[in-house]
Amino acid sequence: MQPTKVKYSIKYKLILLSVMVMVPFLVMVLYLLYALHNYSGAYDAIVGNMTVANNYNLNFKEEMDESLYKLVVGAVTFDTVGSDGSLEDPYVLLDELRGEFGNLMSITMDSESRARLQILLRNIDTLEDRVDDVRMNLEADTGYDANIEMLDKNIYILTELIQDNIQSYIYYQTKSMEFLTGQLNSKVHTFTLFCGVLLTLLLAMVAVLIVMLVTDIIRPIHALSRVTEQVAEGDFSARAIVETQDEVAVLADSVNSMTESLEGLVSKIKEDERKMRKADLRLLQEQINPHFLYNTLDTIVWLIEGNASDKAVQVVMSLSEFFRLVLSKGKEYITIQEEELHIRSYLEIQHVRYRDILDYEIRIDPGLYGYQILKLTLQPLVENSLYHGIKYKRAKGNILVTGKLCGKEVHLTVEDDGVGMEETELRKLRGEIKKPCKDTEKGFGLANVNERIRMNYGAEYGMEIYSEKGRGTRVEIVIPAVPGAAKKEV
């Protein structure tokens, strides 16, 4: 799927909306300037006052509202708002407004207009206090919702009141000009009507555009929200369908790609877990081998018949310990100390059976006893050494099990001095143990151990086999040093 390219960005849509709002206001300003330019002489002072008032009437609210909105949403800061070409510093706007209408107060003569100017100046002071509150909230990071609420319930109302006061001032200034010519009255009436119609049309147009823009943004966000909810509930097949060509569509593509990746990862994890359980079950079945049990019971019977009851008791205890550790109450991980007890029980039993051909030695550093290991890691290796190495040797053989800590890794070795392997046979066995155990033709026990280690700890861990014909075989296992619960005495 081709990635979505941003054709109509949200920023572009907002700029377009702002332009469509500002152009009619600009037309109104130009018309007003043209009408006022036709008067001179006696009208100059009062017309100048109205010009100042109308400039702020048309621009102040929009500039102040837009600047404060951009500050609240984080598009600019109080330090940078003045350098943005499309915005004005709120404090600069307030100072300018206060200065201009302060000057008008000194030259305005009629009482009604002066009363409106006094109210206007008090509203300017109140608005400056609210701007201070917004600034403190932003610095204290009180939250977007709190600042938006302040905009809606305080600042927008104050800017509306200021605009109303400006319009009232203009109204009373207009009344003071009633003694002037009918032409002036006619033009003022025409201009007022024009502004009313234009403002009505503008408000209707802005309302439609805002609804369209908000719908265009909110609808795909809702779609994304539904998809994320489905993913959170475990449905990784959910996909977001967004047909816009803006940043939300790009985000939808990213979410879809992420969900697809998660779906693949979850499937892989489930498959790995299934394979692991199957491998564990098969290995457990291999360990609870009826032939091993029959042979051990025969050995016990043979010892009892030979009046070696103490030895028979020892074999029974070793057999009990062997199967107790094989089952391990269903635990997947045991301590290295428990794994050592497991192979010691196994070797004690086999030593009784094969006392003429088998000796063994276990030299695992006691400092490793507290670390974790996968259950049934060493026993298949010891069994492999006995049945494929020692039994085929025409002399007594020895199995040596060692373990040591190397940095953050545990190195375990099972070594025998049995018949060993030819190079070709060794290469084949190395290839077999790297396959999934279900696909192996020989060496299932070794392949199972290697696969379980790699699946639980990672591909960097596992097993290596070294052998030489007539000199024996050495199997080395590397696992991470993970502390486990200390073994309880039983």
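These legends describe close-up views of a predicted model.

**Figure 1. Overview of the chain, with 13 helices and 7 strands.** The chain has 490 residues, and 40% of them count as buried. Its exposed surface comes to about 27200 Å². Carbon and sulfur atoms supply 56% of that surface.

**Figure 2. Helices α3 and α4 packed against each other.** Helix α3 covers residues 90–107, and helix α4 covers residues 111–140. Their axes lie 10 Å apart. The angle between the two helices is about 165°. Angles over 145 degrees count as roughly antiparallel, and α3 and α4 are therefore roughly antiparallel to each other. The crossing of α3 past α4 is left-handed. On the α3 side, the contact is made by P90, Y91, L94, L97, R98, F101, G102, L104 and M105. On the α4 side, the residues in contact include R114, L117, Q118, L120, L121, I124 and D125. Further along α4, L127, E128, V131, D132 and R135 also take part.

**Figure 3. R471 in the loop between β6 and β7.** Strand β6 spans residues 462–468, and strand β7 spans residues 472–480. R471 sits in the loop that separates them. Is R471 buried or exposed? Its relative accessibility is 62%, so R471 counts as exposed. The cut-off for exposed is over 50%. Leaving aside residues up to four places away in sequence, R471 touches D416, D417, G418 and V419. G389 is 82 residues from R471 in sequence. In space, the C-alpha atoms of R471 and G389 are 9.8 Å apart.

**Figure 4. T473 in strand β7.** T473 has a relative accessibility of 13%, so T473 counts as buried. The cut-off for buried is under 20%.

**Figure 5. R471 and T473 viewed together.** R471 belongs to the loop between β6 and β7, while T473 belongs to strand β7. R471 counts as exposed, whereas T473 counts as buried.

Terms used: Residues are numbered from 1 along each chain as its sequence is written. This is a predicted model: local features need pLDDT of at least 70, side-chain atom pairs count only at pLDDT 80 or more; totals for chains, interfaces and linings use all residues. Side-chain values use heavy atoms; hydrogens and water are left out. Helices (H or I, at least four residues) and strands (E, at least two) are DSSP runs, numbered from the N terminus. Buried means under 20% relative accessible area, exposed over 50%, partly exposed in between (1.4 Å probe, protein chains only). Accessible areas come from the Shrake-Rupley method with a 1.4 Å probe; for residues, only the protein chains shown count as cover. Contact means heavy atoms within 4.5 Å. Axes are lines fitted to C-alpha atoms, for helices over the stretch in contact, and angles run from 0 to 180 degrees between N-to-C directions. Angles under 35 degrees count as roughly parallel, over 145 as roughly antiparallel, 65 to 115 as roughly perpendicular and the rest as oblique. A crossing is left-handed if the near helix is turned anticlockwise from the far one by less than a right angle, and right-handed if clockwise.
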